[in-house]
Structure formats: structure tokens, C-alpha cells
Amino acid sequence: MSTILDILNSKYTVFVGSGTENDVRFTDPETSPRHCQISKVGDNNFLIADLGSATGTFVNNKKIEKEFITEADFITVGGNIFQLTKKVSPVSGQSTQAGSQQTSTPPPESSYSSSIPKDPPREEKTTSSTRTKITVYFLSAPEDEKTCLAIDKHLSTIRSTSNLPIEINGDYKIGAGENIAQYRQRLFEADIVLVFVSVDLLNNDECYERLKKVIANHNNRKTTLLPILARNCMWKATPFANLPLLPKNQQPLNNKQFWNSEDDALTEVVNDIYNAINDFSKPETKDTKLSQEPGNRFAQKSVLEIDWRKNYLWKVFWKRVAASLLDGLIIGLPMYIVFYMLVMNSVQAQGDYYDTGYDSYEDVLIRVVFYYLLMMAAQILIYAFMESSSWRGTPGKRIMKLQITDNAGNPISFGKALLRNIIKLLIGAFSGIGDGIIIFIYAIAQIISYTRTKKFFHDQLSNTVIGERN
């Protein structure tokens, strides 16, 4: 009888629930089929996450969604209370009192094992001796097909030396006259799915629907899902943040500022793909999807949210809004203070315009407009300079760990940054601090643009992309 800590030391993630596929199974009615997961993070850190259970997951009587825990904490799942270091044996339909552990003998199917949860029968029976080939599918947006072709070319050496034939499929390989719908079904039958993550993939409705089915197969252990960062985007708000991302250094393949050459970037990724493919060809491996070897970076499986894009889009939206507000406080507010002081000095220099007549009032008004335009021009130039510099963004974006590039992943020029900020000015998006009507109009215009195209208005017109900063 193993402790949960023993299992974590060998496979890094433990699933708890009433379903037979879990590492730890509680069969009482209050435990959901897939209740929670416990992961080992680093050497001595443990993270527990509720997986949408009906009754919730509790740590020391406190309901949690995600929580770092220690060996001394008490975890409550359904009617069961346990600790990481206790040899707990769950019993069907039996509950425990707070602070105690179950010690009755479990049914045979409830015993703990340090192995990965069982696959469906057809997968469990498959071994390298009966498998005839390994199938890989490249899933990407049309804009990233060139990257798919390059990696396909780099995989040629692996295909020639593999113990088993490797069949590579992808939308870019669909020939003329072929049944497209039938061909694309290979995606859901593939052993390994390479997902080329980019802003176009995340915003493509068709790719999103197909991705949901791939993630469901991943959760059911029917496929190995490997995300590849093709171009920088807000990927940390996607489910792919819970998987080992390729390249391991999290630098997008098109980052010409980091990679010495395109071949260096592709070789780095292909080496990791080779490790995943190699797992399938090992003899006498019951689980054909993942290697059981401790430390294998593909052996850690996480349950991913299937219908994830709505949450993703709003996470991106509010992160961008926060960055805009921070820019308003850091750059916009000081400039407004300077503007206010200049206006006040101008009014005092002219005296009270009610007493001095219409001409003096007109002079003051002209000066106010001039100072305002000067302030806006200075602000646009400051923003454009920062976005085109090595900073790749304004202070607010740096704080929120964002950066601006063009669609190809290159730093944007000063002219492109200037155009981007002029567009923002024209729709009232100059700092987030100013006249309420302007901000209201700006907010409505941006929300409409974002909900329809999943991009902000000025991003579309300037062909720029906001991505994660590493």
C-alpha cells in the first residue's frame, strides 16, 4: 500500500476521484469521477487543484481551487480525509471524521499503484510488438504551415532510424482531390499531436473546435499532446501553459533575436519530438502514450480545460486593460499634471478673462488647445519610442510581462509604433485617464472589435501582436 507521496516521487501528478482511471480511488457518492489532482512542483513543493468536482476539495477545512500544500495538511475529498504521507485505504461508501484517516482494507481495484492510470482496453493491449506504426498529426493555423513543413523536413532523419514506421499527417499535406473531412479525422486517431501555438491558432474558430476534441483525447490518455510555440502570443492564459512547451526555453521559433538561425530553433524542437516518438517504440511498454521512466518530461499528464477559449480571451482582455491603466498612471498622469500647471500659469498670466474681455479669453483658449496637442504628441512619441526599443513595450506592458512584435515576431519599427499609437489616440485610447465620454467611446469601440475579431482595433490596423515576455 503506497502513500500519495510515494506515487508523487515517481510520477509527479496523482489523480483522485471515484473513476477507475484514477491513481487514488474513493468510491463514496460524494467523490466526483475526476475530483482533483495533486502535483509535485520542484523538489519539495506540492500543488493540489480541484477539477470541477461537485462537492469541492478542502485543505484544512478550507475549500480551494488551487493551493500549495505540505505533508502536514489534511485534504478532504468527498467523505475522505487524508494526508500525503499517510497510507490511506479508501472504502466504498464510507466517510471519515475530520482529522482521521481511513484504515480499512480496500477493494482490490482501489489499491494504489505508482503507475500511470489505465488507458481504455484497446490502448492497454497495444505494445511495441503489436503496433505497426506511429502516427503524428501537425495541427496549425494556415499561417503556420511553413513552420510545419520545416519541422517535417527536420524529422526525416528520425523517420529513417525509428524502429517503427512514422506516419506524419497535417492539413498542409492534404492532396488535391482528397476527401478533406475524412483526412482530418486522422487528427483524432493520432498517437502524437503537435499543436503549433500562435495568435492565429488561438483566434481560428475551426482550429478551436478541433482542438477541443484533441484535448478531450489528451484527458482520456488517447493521445500525447505536444504544444510548440511557433510565434509569440498570450499562450500562458491557455491550457498549454499546463503542458511542457516546446522549445523548452519557451522562446518562439520565429524569435530571430534569440536563435542564431532557423535551423537552431527547429533542431531544438525536433530533439524533444524525437524523445516523445522514442517512447512509443520501447519494447514491452504497456502504456503506448507515455514513458513510465521517472523524470521523463512527457510523463506528467494534466487534465486540461476543454472549452477554454472564452476564459482565455477575457484573461487577455483584462491583462491588456491593466497594462493600459498602468501606462496611464506612469506616463499619462504626470503629463496631465504638467498640462494642468501650464494652463493655470497661462490663465494667471492673462488675468481673469471675465474682466479682460473676449480677446484675452480667446488667447487663453488657444494656449490650452496648443498645450493639449503638445502633450498628446509627446505622449505618442514616448509610447512609440518605448515600443520600438529593446523594451518592446511601455512600462505597463512590462509590468504585466507583455511585449509587442510584428506578425513575424520581429521588433516593430518606430514608424509602425507611431502609427499604432496615432490610431489609439484617434479612438480615444491615449492613457485611460481623461474625459469620461472619451473613455466610454473608446471602451465600447474596443470591446466590439475584440468580441468580433478577438483583436483590438489598433492591433489589426497596425499588424502588431501582443505576446508573453519571457
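**View 1. Pairing of β1 with β3 in the predicted model.** Strands β1 and β3 run antiparallel and are joined by four bridges. Valine 16 has cysteine 36 of β3 as its bridge partner. Both strands belong to an open sheet of five strands, in the order β2-β1-β3-β4-β7 and with mixed pairing. At the edges lie β2 and β7 (66-69), each of which pairs on one side only. Strands (E, at least two residues) and helices (H or I, at least four) are DSSP runs numbered from the N terminus, and two strands count as paired if DSSP finds at least two bridges between them. This is a predicted model, in which local features need pLDDT of at least 70 and side-chain atom pairs count only at pLDDT 80 or more, whereas totals for chains, interfaces and linings use all residues. Residues are numbered from 1 along each chain as its sequence is written, and side-chain values use heavy atoms, with hydrogens and water left out.

**View 2. The buried face of helix α1.** Helix α1 spans residues 4-11, and its residues Ile4, Leu5, Ile7, Leu8 and Lys11 are buried (under 20% relative accessible area; exposed is over 50% and partly exposed in between, with a 1.4 Å probe and protein chains only). Seen down the helix axis, these buried residues fall within an arc of 160 degrees and so line one face of α1; the arc is that of the directions from the axis to the C-beta atoms. The cover over them includes β1 (13-17), β2 (24-25), β3 (36-41), β4 (45-50) and β9 (80-82). Tyrosine 12 follows α1 and has a positive phi, near 70 degrees.

**View 3. The largest pocket.** The volume of the largest pocket is about 830 Å³. A pocket is an open set of points on a 1 Å grid over the protein atoms alone, where a 1.4 Å probe fits, with protein on both sides within 12 Å along at least five of seven lines; lining residues have an atom within 4 Å of a point. The volume is the space filled by probe spheres set on the points, which are joined across faces, edges and corners. Of the 28 lining residues, Gln37, Ala49, Lys66, Asn242 and Val303 are the closest to the centre. β3, β4 and α9 (309-350) are the elements that give two or more residues to the lining, and β3 gives the most, with four.

**View 4. The surroundings of asparagine 217.** Asparagine 217 lies in helix α7 (residues 205-219). This residue counts as buried because its relative accessibility is 13%. Asparagine 217 touches Phe188, Lys222 and Thr223, not counting residues up to four places away in sequence (contact means heavy atoms within 4.5 Å).
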